[in-house]
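Open the structure in your viewer and keep the selection tool at hand. We will go stop by stop.

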Amino acid sequence: EMLWEVDEDLDGRLSLDDFIKVHQLCQEDISGFAPRRLYFVIEFFMMDRNNSGRVSYDEAMQVLYERHGNHRALEQATRRLFELENRNPLAADHFVDDASAAQARMQHEIDRRSKLAKREHL
């Protein structure tokens with residue numbers, strides 16, 4: 001499912017170029033339409049610093065802090081992700097599913113606010 005979304009040359013394989021393109025596309029995407037499941041798999045492995053096959057809240061926060069600095073909203077969103085069903089650390093499947101769901105909720109909220117702003121300008 002994830003592979004066909006990002007396999008540009010449709011050879012059934014993920015090349016290094018495909019891998020890099022999908023990661024950059026998702027990092028830069030503001031529309032919410034980029035294929036995110038593979039991106040979240042990549043993020044999972046980048047955050048799994050001790051190669052345990054699980055990502056702890058502390059591992060996730062360390063990576064996010066290194067990338068973005070200290071952002072309270074980011075910390076709160078990450079805490080919510082790990083508090084779902086009281087899971088810490090998260091296995092890859094839960095991380096990808098929960099991060100995908102959080103992304104969808106965030107995109108829904110962005111769309112809702114955009115529609116409200118358009119109505120106010122009419």
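This tour of a predicted model visits a helix pair and then a pocket.

**Stop 1: the helix pair.** Select residues 57-68, helix α4, and residues 72-83, helix α5. Their axes lie 11 Å apart, and the helices pack at an angle of about 155°. Angles over 145 degrees count as roughly antiparallel, so α4 is roughly antiparallel to α5. Now look at the crossing: α4 passes α5 in a right-handed one.

**Stop 2: the contact.** Show side chains where the two helices meet. On α4, pick Tyr 57, Ala 60, Met 61, Leu 64 and His 68. On α5, pick Leu 74, Glu 75, Thr 78, Arg 79 and Phe 82. Colour them by class.

**Stop 3: the largest pocket.** Switch to a surface view. The largest pocket has a volume of about 1000 Å³. Which residues lie nearest its centre? Select Phe 40, Leu 74, Ala 77, Gln 103 and Met 106. Leu 74 is a link back to the last stop, as one of the α5 residues in contact with α4.

**Stop 4: the lining.** In total, 31 residues line the largest pocket. Go through the helices: α2 (16-28), α3 (37-47), α4, α5 and α6 (92-121) each supply at least two lining residues. Which helix gives the most? Select α6, which contributes nine residues to the lining. Finish by colouring the lining by class: 17 residues are nonpolar, seven polar and seven charged.

Technical notes. Residues are numbered from 1 along each chain as its sequence is written. This is a predicted model: local features need pLDDT of at least 70, side-chain atom pairs count only at pLDDT 80 or more; totals for chains, interfaces and linings use all residues. Side-chain values use heavy atoms; hydrogens and water are left out. Axes are lines fitted to C-alpha atoms, for helices over the stretch in contact, and angles run from 0 to 180 degrees between N-to-C directions. Helices (H or I, at least four residues) and strands (E, at least two) are DSSP runs, numbered from the N terminus. Angles under 35 degrees count as roughly parallel, over 145 as roughly antiparallel, 65 to 115 as roughly perpendicular and the rest as oblique. A crossing is left-handed if the near helix is turned anticlockwise from the far one by less than a right angle, and right-handed if clockwise. Contact means heavy atoms within 4.5 Å. On a 1 Å grid over the protein atoms alone, a cavity is a set of points where a 1.4 Å probe fits but cannot get out, and a pocket is an open set with protein on both sides within 12 Å along at least five of seven lines; lining residues have an atom within 4 Å of a point. Grid points are joined across faces, edges and corners, and a volume is the space filled by probe spheres set on the points. Ala, Val, Leu, Ile, Met, Phe, Trp, Tyr, Cys and Pro count as nonpolar, Asp, Glu, Lys and Arg as charged, and the others, Gly among them, as polar.
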